Amino acid sequence: MPGPRDYTAGTRAGLFAWAHGTCYFPGCKKPVVDVLEGIPVIEVDIVHIRGAKAGSARYDASMTDDERRAVGNLMLMCRGHHTIIDDHEDDYPVPLLHEWKATRESQTGIAAALAATGVDEVGLADLILSVIRDMGSIRRVEVDLEAAIRVGESEAITSPLELVPTALAANPHLQRGEVLVSADVRNVGGQPVSIASVDLHFGIRIAGALDLAYMTMARRNDLPVINPRLPVRVLDGAATRWSWNRTTVAIVLAAVASTGQTIETVHVEVRLESGERASSIHVPWSHFVDAGFAQP
């Protein structure tokens, strides 16, 4: 008899397809698959909403093992958030976890197809393949602009730019590290992508103009030890990172200051070799000031 963790291939495929590339915990950016030393590594656990066995978090004795291992009772989480929801189950009850799951999986349209067809797990893998065939191949990346505090030759800890002072104050050992500008690029589409360029764009307010003008730092590689060689191939569900040091920001700041203008926003634009582009949100320049980039 299959146990509560004997997942079918269709169940696994469905969860990874619906995850949109990251842990199901709201706001978590941990990729479901990362590439370490050139090898794809799964970075998440398959988590039971209602526990797998007696004594586990949110266990429901009335359920069968088939129900416990069914895709409707499962989601993907990084190991840190898996531990948090199980150790504090009163704070993360079953209805809340179902809400997270429904919100994440509704973005794909596949969950609606399951509800409409009543397909069982035996046919789940075929359904996923048919939806992919109907939709065609999808290439899509998401980009976040943040800070990275360098803690080693090739390692860094990320933080929102505006929270860098808080992170440094709370972790004195990080104060010796260099603060970088960093782009987190995640592949959330349906196939691998090749990233051709990752460029910084500075939005400049010119006196009397209604719209911002933009200064672009294109194809600049301040940190070849950390940054991957471009073009870089990123598998579905994986991520890569590109960073710049203080020098790049200082060059732009000096150029803009010499004209008497001001920087208002900064964003990152990623271009794929296939031609698609993706941008981060426009981060206010004040967040760079908070992170210390306005200082020499």
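This is a predicted model: local features need pLDDT of at least 70, side-chain atom pairs count only at pLDDT 80 or more; totals for chains, interfaces and linings use all residues.
Residues are numbered from 1 along each chain as its sequence is written, and side-chain values use heavy atoms, with hydrogens and water left out.

**The whole chain**

With the protein chain in view, you are looking at nine helices and 14 strands. Of its 296 residues, 45% count as buried, where buried means under 20% relative accessible area, exposed means over 50%, and partly exposed lies in between, with a 1.4 Å probe and protein chains only. The chain exposes about 14,900 Å², of which carbon and sulfur atoms supply 54%; accessible areas come from the Shrake-Rupley method with a 1.4 Å probe, and for residues only the protein chains shown count as cover. Among contacts (heavy atoms within 4.5 Å) with a separation of 6 or more, residues 24 or more positions apart account for 68%.

Return now to His20, which has a positive phi of about 55 degrees although it is not a glycine. Most residues other than glycine have a negative phi. His20 is buried, with a relative accessible area of 16%.

Next select Lys30, which is found in the loop between α1 and β1 and, at 34% relative accessibility, counts as partly exposed. Not counting residues up to four places away in sequence, Lys30 touches Gly21, Thr22, Cys23, Glu43 and Cys78.

**Arg58**

Move on to the loop between β3 (44-48) and α2 (65-68), where Arg58 lies. Phi of Arg58 is near 60 degrees, a positive value in a residue other than glycine, and at 8% relative accessibility Arg58 counts as buried.

**A four-stranded sheet**

Now select β6, β5, β7 and β11, which form an open sheet in that order, with antiparallel pairing. The edge strands are β6 (156-159) and β11 (239-244), each of which pairs on one side only. Neighbouring strands of this sheet are turned by 40 degrees against each other on average, direction ignored; the axes are lines fitted to C-alpha atoms, for helices over the stretch in contact, and angles run from 0 to 180 degrees between N-to-C directions.

Within the sheet, β5 (residues 141-150) and β6 pair in the antiparallel sense over four bridges, two strands being paired if DSSP finds at least two bridges between them. Here Ala147 stands opposite Ser159 in β6.

Where is the place of Ser280? Look in the loop between β13 (277-279) and β14 (283-284), where Ser280 is buried, with a relative accessible area of 6%. Leaving aside its neighbours within four places in sequence, Ser280 is in contact with Val143, Asp144, Leu145, His267 and Val268.

For the last stop, select Pro231 in the loop between β9 (213-217) and β10 (232-234). A cis peptide bond joins Leu230 and Pro231, with omega about 0 degrees, whereas most peptide bonds are trans.

Definitions and conventions: Helices (H or I, at least four residues) and strands (E, at least two) are DSSP runs, numbered from the N terminus.
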